[in-house]
Amino acid sequence: MEISADLHPELVPLAFLVGTWRGAGVGGYPSVEEFRFGQEIVFSHDTRPFLSYRSTSWLLDDDGQRVKPSGSESGFWRPRPGGELEVLLAHPTGFAEVWVGTVEGAKIELQTDVVARTSSAKSVTAGHRLYGLVEGDLLWAYDMAAEGHPLQPHLSARLKRD
């Protein structure tokens, strides 16, 4: 992958993420039946030392057709010295998260540092995310602790760069 000339030098470890990614995944949780979803993630930059991030998803039927909107989140990915990473995410369902983790080559591992929520939001208490570039695709998985359940698998997807 060619690195853009206007990419801030601190973003070089995250350069593999820049662009638009689309694909599908699966989800489930003790309080939610298993489901399939489509997703679009956009990582962009404006020459400053962070990536802007936007994820939009929708539920899919058995034929892979869109049924209705699903989750969305937006925020910023901030690389730090020594391969560390800070991620700030906001959700329209009433909660926001601060994630901390590491970047090692084309692998990113994150865990929640802070989860803040409004009184009407579901009780999300912790999370763990893995992202990786595999055969040119972006694979990711999200484990969540919520509604009194311990940390466990919730979502995963495989996305292709547009």
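Aspartate 137 is buried, with a relative accessibility of 7%. The model is predicted. In it, this aspartate pairs with arginine 158 in a salt bridge, N to O at 2.7 Å. Aspartate 137 belongs to strand 9 and arginine 158 to strand 10, so the contact ties together parts 21 residues apart in sequence.

Lys160 joins Glu135, Asp137 and Arg158 in a network of salt bridges.

The structure holds eight salt bridges. Another of them links the side chains of arginine 78 and glutamate 86, N to O at 2.8 Å. Arginine 78 is partly exposed, at 32%. Glutamate 86 is partly exposed too, at 28%.

Now turn to the open space. The largest pocket has a volume of about 610 Å³. Its lining counts 28 residues, and Ser70, Gly71, Ser72, His154 and Leu155 lie nearest the centre. Several strands give two or more residues to this lining, among them strand 4 (66-80), strand 9 (137-146) and strand 10 (152-161). Strand 2 gives the most, with five residues. By class, the lining has 14 nonpolar, 10 polar and four charged residues.

Note on methods:
Residues are numbered from 1 along each chain as its sequence is written. This is a predicted model: local features need pLDDT of at least 70, side-chain atom pairs count only at pLDDT 80 or more; totals for chains, interfaces and linings use all residues. Side-chain values use heavy atoms; hydrogens and water are left out. On a 1 Å grid over the protein atoms alone, a cavity is a set of points where a 1.4 Å probe fits but cannot get out, and a pocket is an open set with protein on both sides within 12 Å along at least five of seven lines; lining residues have an atom within 4 Å of a point. Grid points are joined across faces, edges and corners, and a volume is the space filled by probe spheres set on the points. Helices (H or I, at least four residues) and strands (E, at least two) are DSSP runs, numbered from the N terminus. Ala, Val, Leu, Ile, Met, Phe, Trp, Tyr, Cys and Pro count as nonpolar, Asp, Glu, Lys and Arg as charged, and the others, Gly among them, as polar. A salt bridge is a side-chain nitrogen of Lys or Arg within 4 Å of a carboxyl oxygen of Asp or Glu. Buried means under 20% relative accessible area, exposed over 50%, partly exposed in between (1.4 Å probe, protein chains only).
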